[in-house]
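Here is a friendly note to go with the structure you are about to open. Please keep the view at hand while you read the points one by one.

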Amino acid sequence: MSKSRKMSFTIHHVVLSIWSVIVLLPIWTMLINSFKTKYDIYEAPFSLPKKWIFENYRSVLQSGDFLMYFANSFLVTVGSLIFIIVFGSMAAYALVNKKNKITGFLYIFFIAGMMLPIKIGSIRLLQMIKALGLLNSIAGLYPIYIAMGIPIAVFILTEFIGSIPRDLTEAGVIDGAGRMTIFRKIIFPIITPAIATVCIYNLVPIWNDLWFPLIFITDEGSKTLLLGVTRLFGQYLTDWSKILAVLSLSAVPVILLYLSMSRHFISGLTAGAVKG
């Protein structure tokens, strides 16, 4: 390895190490303080607990409200991701296989959805959700989150499907398979890495969204986790140990999904970047 390459390699590692510390420090602080008493947090917020206390988590989990909020967020997130994957993959498959002026316009239309923040239409969306009778229900969040996720899904999956050799689909046509059969049995299994990327991209903004639940939902039984956490902040106003326990538990699904799909993330993200 040449001296310049070795220097570049070292600089990259230093930058990545600094960035890792910046990212992991808040997570570390949140986790270790969730096992402390509120007085220990003020004394030494960055050190390990003198005595590990699990009462914070026990108290939060025994609260029926937290489990209800968690279930609502889980249902909304998983349901939205399923629809995003199904609709996004089918749209991408159609855009790749039928190239004309209409599909070209539709592709640009989808990409434009990545550039325009959906929150600017909150008032109009509120009127639409109310007209559909979905106000004050978690069902009213599904159309919003699906619309948020489909543009990035179409963008990633179109590039991925476009990089698949046409010989595979042509072999299916020769065997008498229809387009839906080819999509279901050939295309869909191949695009698993890209689907993992789409899931990770959409999971975080959906799971952590506070804006639309705050606007659409006032019923206690339909609140999502992050909206419910805001009420827990009031309930445990001076007990930061319980607040941090709630935040730690709310971060578990995001971390687990990323760890389970991380090996597919980079391959899905770079799909279509190199062809030939």
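**Notes on a helical model**

1. Let us start with a pair of helices. In α7, the residues Y145, M148, G149, I152, A153, I156, L157 and F160 meet P193, A194, I195, T197, V198, Y201, N202 and I206 of α10; contact here means heavy atoms within 4.5 Å. By class, this contact of α7 with α10 holds 13 nonpolar, three polar and no charged residues. Ala, Val, Leu, Ile, Met, Phe, Trp, Tyr, Cys and Pro count as nonpolar, Asp, Glu, Lys and Arg as charged, and the others, Gly among them, as polar.

2. A word on what you are looking at: this is a predicted model, in which local features need pLDDT of at least 70 and side-chain atom pairs count only at pLDDT 80 or more, while totals for chains, interfaces and linings use all residues. Residues are numbered from 1 along each chain as its sequence is written, and side-chain values use heavy atoms, with hydrogens and water left out.

3. Now the overall picture. The protein has 13 helices and zero strands; helices are DSSP runs of H or I with at least four residues, strands are runs of E with at least two, and both are numbered from the N terminus. The C-alpha trace spans about 70 × 65 × 35 Å along its principal axes. Of the 276 residues, 38% count as buried, where buried means under 20% relative accessible area, exposed over 50% and partly exposed in between, with a 1.4 Å probe and protein chains only. Among contacts between residues at least 6 apart in sequence, 74% join residues at least 24 apart.

4. Back to the geometry of that pair. Helix α7 (residues 141–162) and helix α10 (residues 192–207) pack at an angle of about 155 degrees, their axes 9 Å apart. That makes α7 roughly antiparallel to α10, a label for angles over 145 degrees. Axes are lines fitted to C-alpha atoms, for helices over the stretch in contact, and angles run from 0 to 180 degrees between N-to-C directions.

5. Not counting residues up to four places away in sequence, I195 touches I85, L157 and F188. The C-alpha atoms of I195 and A153 are 42 residues apart along the chain and separated by 8.0 Å.

6. L168, T169, G172 and V173 of α8 make the contact with I182, I186, I187 and I190 of α9. The residues of this contact divide into six nonpolar, two polar and no charged.

7. I190 lies in helix α9 (residues 179–190) and is partly exposed, with a relative accessible area of 33%. Leaving aside neighbours within four places in sequence, I190 is in contact with F160, I164 and L168.

8. Finally, the core. The largest nonpolar core has 47 residues, and those with the most contacts inside it are L141, L157, I161, I187, I191, F212 and F216. Such a core is a set of buried Ala, Val, Leu, Ile, Met, Phe, Trp, Tyr and Cys residues joined through side-chain atoms within 4.5 Å. A second, separate core of five residues includes A91, I146, I150 and V154.

Key. Parallel < 35°, antiparallel > 145°, perpendicular 65-115°, else oblique.
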